[in-house]
Amino acid sequence: MAEQTSSSIFEIQTTTDELSASLVIRDRLVESNLTPCVKIQPGCQSTYFWEGAWRNAQEHVLTALVPEAYLEQLVSIIKSAHNYTNPEIIARRLTVLSSEYASWIHDSLAELQASQS
């Protein structure tokens with residue numbers, strides 16, 4: 001089962017410089033019932049080029065697990081809740097090596113989706 005299901009799971013990531021914005025994004029992702037897991041990791045030191053100059057910021061990294069079918073919906077949620085004009089929103093296809101974890105992802109998503117019905 002893990003081989004079939006792991007190929008359709010992505011980790012979507014964004015960053016923000018405000019904890020309050022991170023919490024709003026997290027809450028909206030959780031309320032969507034399209035992800036079984038959202039993580040916030042504080043303390044990311046970012047250096048980036050923006051509006052003609054190099055900038056530094058302490059940021060929070062948010063990651064969420066998502067099936068490929070829900071990527072666009074989660075991107076829309078992140079954009080609508082984000083405090084940045086042009087937020088980083090990237091996704092990585094995951095290879096889940098634990099069949100138990102892959103089952104948890106899919107079972108949790110099925111339960112979340114059933115609760116919306």
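These legends describe several close-up views of one predicted protein model.

**Figure 1. The whole chain.**
The predicted protein has 4 helices and 4 strands. Read from the N terminus, its elements run α-β-α-β-β-α-β-α. The C-alpha trace spans about 50 × 30 × 20 Å along its principal axes. There are 117 residues, and 39% of them count as buried. Now consider the contacts between residues at least 6 apart in sequence: 76% of these join residues at least 24 apart.

**Figure 2. The largest nonpolar core.**
This core holds 14 residues. Six names stand out: I12, I25, L29, A64, V66 and L74 touch the most other members. Which elements give two or more residues to this core? They are β1 (9-16), α2 (19-31), β3 and α3 (71-81). Helix α3 supplies the largest share, with 5 residues. A second, separate core has 7 residues, among them I9, C37, L65 and A102. In soluble globular proteins, nonpolar side chains tend to be buried together.

**Figure 3. L74 and its contacts.**
L74 is one of the residues that touch the most other members of the largest nonpolar core. Set aside residues up to four places away in sequence, and L74 touches I12, L29, S32, L34, T35, A64 and V66.

**Figure 4. T63 in strand β3.**
T63 sits in strand β3, which covers residues 53-67. Is T63 buried or exposed? Its relative accessibility is 8%, so T63 counts as buried. The cut-off for buried is under 20% relative accessible area. Beyond residues up to four places away in sequence, T63 touches E11, I12, Q13, C37, V38 and K39.

**Figure 5. H60, also in strand β3.**
H60 has its place in strand β3. H60 is buried, with a relative accessible area of 14%. Which residues does H60 contact, leaving aside its neighbours within four places in sequence? They are T14, T15, T16, D17, E18, L19, S22, I40, Q41 and P42. For L19, there is a distance to note. A polar atom of the H60 side chain lies 3.5 Å from the backbone nitrogen of L19.

**Figure 6. The largest pocket.**
The largest pocket contains about 280 Å³ of space. Its lining is made by T15, S46, Y48, F49, W50, E59, Y84, T85, N86 and E88. Which strand gives the most to this lining? Strand β2 (residues 38-50) does, with 4 residues. By type, the lining divides into 4 nonpolar, 4 polar and 2 charged residues. Rolling a probe the size of a water molecule over the atoms shows where empty space is left.

S115 lies in helix α4, residues 99-116. S115 is exposed, with a relative accessible area of 53%. A polar atom of the S115 side chain lies 2.6 Å from the backbone oxygen of L112. Now look at N33. Along the chain, N33 and S115 are 82 residues apart. How many Å separate their C-alpha atoms? The separation is 8.5 Å. N33 is found in the loop between α2 and β2. N33 is buried, at 15% relative accessible area. The phi of N33 is near 60°, a positive value in a residue other than glycine.

**Figure 7. E51 in the loop between β2 and β3.**
E51 lies in the loop that joins β2 to β3. E51 is not a glycine, although its phi is positive, at about 50°. Is E51 buried or exposed? E51 counts as exposed, because its relative accessibility is 64% and the cut-off for exposed is over 50%.

**Figure 8. E68 in the loop between β3 and α3.**
E68 has its place in the loop between β3 and α3. E68 is partly exposed, with a relative accessible area of 43%. Leaving aside neighbours within four places in sequence, E68 is in contact with S8, F10 and R93. Compare E68 with A57. The two are 11 residues apart in sequence. In space, their C-alpha atoms are 30 Å apart.

Terms used: Residues numbered from 1 in each chain as written. Predicted model: local features only at pLDDT ≥ 70, side-chain atom pairs only at ≥ 80, totals over all residues. Heavy atoms only, no water. Buried < 20%, exposed > 50% of the residue type's maximum accessible area, 1.4 Å probe, protein only. Polar contact = N/O pair within 3.5 Å; in protein donor to acceptor, adjacent residues only side chain to side chain. Contact = heavy atoms within 4.5 Å. 1 Å grid on protein atoms, 1.4 Å probe; cavity = no way out; pocket = protein on both sides within 12 Å on 5 of 7 lines; lining within 4 Å. Points joined across faces, edges and corners; volume = space filled by probe spheres on them. Nonpolar A, V, L, I, M, F, W, Y, C, P; charged D, E, K, R; others polar. Core = buried A, V, L, I, M, F, W, Y, C linked by side-chain atoms within 4.5 Å.
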